[in-house]
Structures are given as structure tokens and as C-alpha cells.
Amino acid sequence: PVQSARFSSFPPEPAALRAMSSQPEYSDKYSDGHYEYRHVILAKEYGKSIQKGNRLLSETEWRGMNVQQSRGWQHYAIHRPEPHILLFRRPLGTDPVTGKVNPELQRQAKEEYQRNLEESRSA
């Protein structure tokens, strides 16, 4: 049989497929003039428990769902049609190590956002 680089057997065993589907998928970061955002797609099974709680998750809770990202991110909204998609944001200029806003990083991030916005308008 054909061997896959990701799996020890091909086609993959059901357990390997479950493990793969339980790994979160991360979007690229995007921003407005105040926050940077990203979304994380979890296995659909998580959606039922998130919807049942009907509240935003704490950092401890989302990290417990195997979501791994730098510090400073907050779960800020529930996407009702697909509650297994977590929506995160953090203020521009957040230091990814400390999770705190660094005023100089914030100023630089806002200037870069403004430059990119002006370039996209003139294109």
C-alpha cells in the first residue's frame, strides 16, 4: 500500500483521523485600527458544550481545549451558527510574551495599520 508522510498506515486508522480532527485550525491575524483578531476552528464536538454554556470562555477554558497561542488573546464573541469557531481579539501593540499592551508597540502597530489602509485606498 501507499504510505503517507503523516500516518503510519494509509488510509489512516480512525483513531488517527480523530486525533487530526481534534487539532485546532488557526486563521491568519487580521486587524482594524484598535485590535488584532483571529479565529480558531475546533472540532465540531466542542460546539455543543460551548453553546450550552452560552458565555465567553476564560483563557484556562480555551487552553483546555488545546488552543495554543501567545498571551493577551481574549475570546470576545460566540459565532452562533458555528459555536465551534472561537473568535479572539487583543489590543494592537500587545506584547505576545507578557500579554500586556506596550505603548510603543501599540503606536507602531496603529501607524502600520494606517499606512496599509492608505495604500489599499490608493491602489
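Residues are numbered from 1 along each chain as its sequence is written, and side-chain values use heavy atoms, with hydrogens and water left out. Because the model is predicted, local features need pLDDT of at least 70 and side-chain atom pairs count only at pLDDT 80 or more, while totals for chains, interfaces and linings use all residues. Helices (H or I, at least four residues) and strands (E, at least two) are DSSP runs, numbered from the N terminus.

**Arg38**
- Arg38 sits in strand 3, which covers residues 35-41.
- Arg38 is buried and has no salt bridge; buried means under 20% relative accessible area, exposed over 50%, and partly exposed in between (1.4 Å probe, protein chains only).
- A salt bridge needs a side-chain nitrogen of Lys or Arg within 4 Å of a carboxyl oxygen of Asp or Glu.
- For Arg38, the nearest side chain of opposite charge is Asp28, 6.4 Å away; Lys and Arg count as positive and Asp and Glu as negative, while His and the chain ends are not counted.
- The Arg38 side chain reaches the backbone oxygen of Ser27 at 3.3 Å.
- Leaving aside neighbours within four places in sequence, the residues in contact with Arg38 (heavy atoms within 4.5 Å) include Tyr26, Asp28, Trp73 and Phe88.

**Strands 4 and 5**
- Strand 4 and strand 5 run antiparallel and are joined by 4 bridges; two strands pair if DSSP finds at least two bridges between them.
- The two strands form a hairpin with 6 residues between them.
- His75 stands opposite Phe88 in strand 5.

**His84**
- His84 lies in the loop between strand 4 and strand 5.
- His84 counts as buried because its relative accessibility is 8%.
- His84 and Ile41 are 43 residues apart in sequence, and their C-alpha atoms are 6.1 Å apart in space.
- Not counting residues up to four places away in sequence, His84 touches Val40, Ile41, Leu42, Ala43, Lys44 and Gly47.

**Thr94**
- Thr94 is in the loop between strand 5 (85-91) and helix 4 (103-122).
- With a relative accessibility of 7%, Thr94 counts as buried.
- The side chain of Thr94 reaches the backbone oxygen of Pro91 at 2.6 Å.
- Beyond residues up to four places away in sequence, Thr94 touches Arg71, Gly72, Gly99, Lys100 and Val101.

**Asn66**
- Asn66 belongs to the loop between helix 3 (59-64) and strand 4 (74-78).
- Asn66 has a phi near 75°, a positive value in a residue other than glycine.
- Most residues other than glycine have a negative phi.
- Asn66 counts as partly exposed because its relative accessibility is 30%.

Note on methods: A polar contact is a pair of N or O atoms within 3.5 Å; within protein, one must be able to donate a hydrogen and the other to accept it, and residues adjacent in sequence count only if both atoms are side-chain atoms.
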